[in-house]
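Opening my notebook on a new chain today.

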Amino acid sequence: MKPSEAAATTWSRLRQPLPEILTEIFARLPAKSAARFRCLSYEWFATLSSDYFVDLHVRRSNRPGRPRLLLAPVGSLYDGYIYSWKPGGPVERLMTDDFASNGLLVPNTKPCHGLVLMRCTDHGGYFVCNPCTGEVLALPDSKLPLKMTLRIATRGQPEAPFFFEVAYGLGYCSITRQHKVVRLFRNIEVSSCEVFELDTPAYWRPTAEQPPLCHVKEQKMAVFFNGYLHFLCTDGSITTFNTCSETFGSLPPPTGFVNASPVLTELDGYLCFCYGEPDTDDPYHVFLLRDYMKGRWEKLCCIDRMAWPESERMLLRSLCIAPLAMYHSDDGQRKIMFGTGSCKVFGVDFDSNTPEILFTPDGTIIGSCEDDSNLPLCLFEEYLGPVGRTIDEMVLSSPITKAWSDILKWLPGRSVSELSLVCREWRAMIMADCFIHSHVIHANLNKSPRIMVVLDPRFGHYMDLKDFVDAGVPHLLGNLVCNPQPCHGLNVGSCSSWDYVCNPVMGYCEYIEPDVDDGTLFAGRMGLGFDSAINKHVLVHITYKEKNLETREYELQCKFRYVDIQEWILVDPPPRPIADVPPVYASGKIYWMVDPELGQFSLSCEIVAFNVERDEFEVLQGPPCSHEKGRMSILQIGGALCVACSNKSMNVIDIWRMKDIGTWLIEHHIELSGFSPEYSSENTTPLVVNPKDGRIFLNTGLSLGYYNPKMVALETIYSVGILEHAGKICPIICDESLVRPLGRT
């Protein structure tokens with residue numbers, strides 16, 4: 001047969017339905033190997049992706065009595081991988097863990113129909129993983145859930161409930177053949193439950209039935225068994241959730257239960273309840289729920305660790321112990337397999353209680369592991385099913401949803417937020433990251449700037465400028481620095497020893513507490529930028545460790561972090577001293593004015609820029625202005641960097657615009673001689689220019705007004721009525737935005 005004829009014959013066979021004998025063979029292969037055959041033809045792809053084959057593969061490829069473990073520790077030889085291990089075999093790399101931005105990965109002890117729920121500590125969020133294929137789905141609103149953020153009630157709206165504890169669980173509905181992630185919130189008075197269905201164009205939704213009051217802990221993820229999710233409460237009771245009917249029930253703890261680090265899992269086809277302080281020699285009790293309907297527990301064994309040999313007892317002492325599976329040892333004995341917080345695995349039989357060391361990470365590609373109160377390992381099984389698409393992917397794939405997205409992205413933030421209650425699909429679309437970032441751009445195009453006044457940043461209290469003027473009640477704040485310019489939907493400010501990031505339009509505020517309080521407050525302390533490459537806001541915190549105006553000597557310290565990550569990272573400080581002027585963000589960089597009274601003497605105006613993508617500083621030459629003539633401030637107008645330079649002898653302010661690096665042109669000229677002493681070049685700061693009429697909004701701290709450069713006229717819209725006061729009005733420019741700080745207060 002000619003090569004061309006052989007190729008044609010092979011292609012013809014591939015286009016035919018998969019033979020039954022091959023289906024049975026492929027069903028016994030590892031998931032990763034079986035998935036590769038999907039690429040051979042459309043017909044094979046359809047067969048190997050069908051529900052029938054996925055279920056057949058689960059039954060054929062996962063042999064009972066041969067447990068396989070997923071290991072997610074951070075060992076001394078950490079190389080960025082999650083590993084797999086089975087008794088008698090070597091440790092193998094399974095998949096990368098780069099989806100976890102910070103913290104340790106804590107998997108649930110048992111997979112749910114092939115998928116594993118993972119928690120990332122230190123507010124790193126939750127993920128649904130298929131360890132066999134390496135697919136990972138990040139769950140939305142799971143790092144610091146909205147329900148666990150203190151939300152201040154706006155006028156006319158009830159105060160939203162605030163929950164301080166949550167527990168997650170991954171379940172499966174056999175009727176709809178869907179995986180569901182369920183989370184149970186609680187505070188002192190009430191509980192709340194939400195459901196997220198994988199691969200469904202919807203967001204978190206409440207359950208039809210109100211959950212009973214139950215005190216759950218985030219460290220205790222729910223266990224899926226017999227069609228129910230089981231949430232272990234702090235008193236040992238169990239709250240059940242039917243994943244099909246979405247109703248609640250309860251189970252009692254075993255008789256004689258002592259509240260000593262209880263653990264809930266599945267063992268040998270039964271719900272398993274264990275308790276006993278892990279880091280002691282106390283007895284460890286293991287119970288199985290033999291009669292689920294009657295709630296009858298039977299003690300399987302009581303492990304007496306005092307009877308263990310000294311070497312095993314010291315090796316296996318850990319902050320966390322939990323049973324994983326039943327297995328048969330080499331001599332045919334049936335034993336319970338346990339895991340520890342230091343990633344060690346051991347087995348115990350029912351009679352002698354003598355431990356059999358099955359695995360230690362030392363000497364493997366993992367390396368030695370520190371002990372932890374969270375279990376870094378779990379069972380996993382071969383599974384070909386997908387984890388599901390992200391909300392962004394589903395929004396972009398639906399023409400109808402995409403059309404609504406193109407309409408809603410032009411509306412004000414509050415209006416869009418209210419429309420998220422129309423239906424589940426709209427809520428999912430509006431909460432998607434792609435929509436939020438698109439909205440903050442389109443909702444502010446060619447619009448008059450929205451100006452709000454800060455009333456109390458501690459509780460997220462802001463008021464629209466018009467309402468503030470109509471109220472006529474002076475509200476002066478002291479010891480507060482507000483950066484008046486927004487950055488991609490967020491604003492930043494400082495107050496005494498703490499800083500904050502806020503979205504005034506939505507009423508959200510996050511406190512930023514520095515790890516070291518230097519006790520100084522100056523306007524250039526906190527800068528806010530936006531990294532468009534990864535769609536994250538960046539905070540840059542600058543402090544003076546030393547500052548001597550007489551000798552002009554100084555020492556700066558600089559660190560940065562992302563808004564949604566709590567860890568600060570030290571970076572090289574700027575090469576010039578920072579002035580007591582609020583910084584501004586424009587075109588991928590945060591800009592600060594240089595302090596002329598420190599460091600090398602210079603008559604020219606200089607600017608320090610921080611590139612948010614490269615995490616480095618540079619020095620730019622400012623406009624041809626002299627510090628001796630008057631004060632300077634920095635602002636962003638129309639996306640471009642501008643510097644406002646005052647001339648106190650002439651009582652004027654010139655606003656310079658940077659066209660190119662080192663090239664500056666006067667964009668606006670403000671004459672204040674006819675409006676003093678209320679407005680002078682030394683107490684007046686231009687904040688924004690209205691793109692529609694060209695008027696410039698001015699703030700003196702005690703008066704607010706619009707300056708018309710064409711008519712050389714100034715309209716005061718609000719004035720305290722006095723010329724001097726320790727406090728001041730704090731107006732800020734706001735973006736229409738759905739972006740919110742993902743932090744707790």
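Predicted model: local features only at pLDDT ≥ 70, side-chain atom pairs only at ≥ 80, totals over all residues.

**Inside.** Next I checked burial. The chain has 745 residues, and 54% of them are buried, with under 20% relative accessible area as the cut-off.

**Overall extent.** I then boxed up the C-alpha atoms along the principal axes and got roughly 100 × 75 × 50 Å.

**Charges.** I counted 68 positive and 89 negative side chains. The centres of the two sets lie 6 Å apart.

**Contacts.** I took the contacts between residues at least 6 apart in sequence. Of these, 53% join residues at least 24 apart.

**Helices and strands.** How many helices and strands does the chain have? I found 12 helices and 47 strands.

My pick is an open sheet of four strands, in the order S12-S13-S14-S15, and the pairing is antiparallel. Which strands sit at the edges? They are S12 (223–225) and S15 (248–251), each of which pairs on one side only. From one strand to the next, the twist averages 30°. A reminder from class: strands of a sheet pair through backbone hydrogen bonds, either parallel or antiparallel.

**Zooming in.** I finished with S13 (residues 228–232) and S14 (residues 238–242), an antiparallel pair with five bridges. Tyr 228 stands opposite Asn 242 in S14.

Terms used. Residues numbered from 1 in each chain as written. Heavy atoms only, no water. Helix = DSSP H or I, 4+ residues; strand = E, 2+ residues; numbered from the N terminus. Buried < 20%, exposed > 50% of the residue type's maximum accessible area, 1.4 Å probe, protein only. Contact = heavy atoms within 4.5 Å. Lys, Arg positive; Asp, Glu negative; His and termini not counted. Charge placed at Lys NZ, Arg CZ, Asp CG, Glu CD. Pairing = 2+ DSSP bridges. Axes fitted to C-alpha atoms, helices over the stretch in contact; angles between N-to-C directions.
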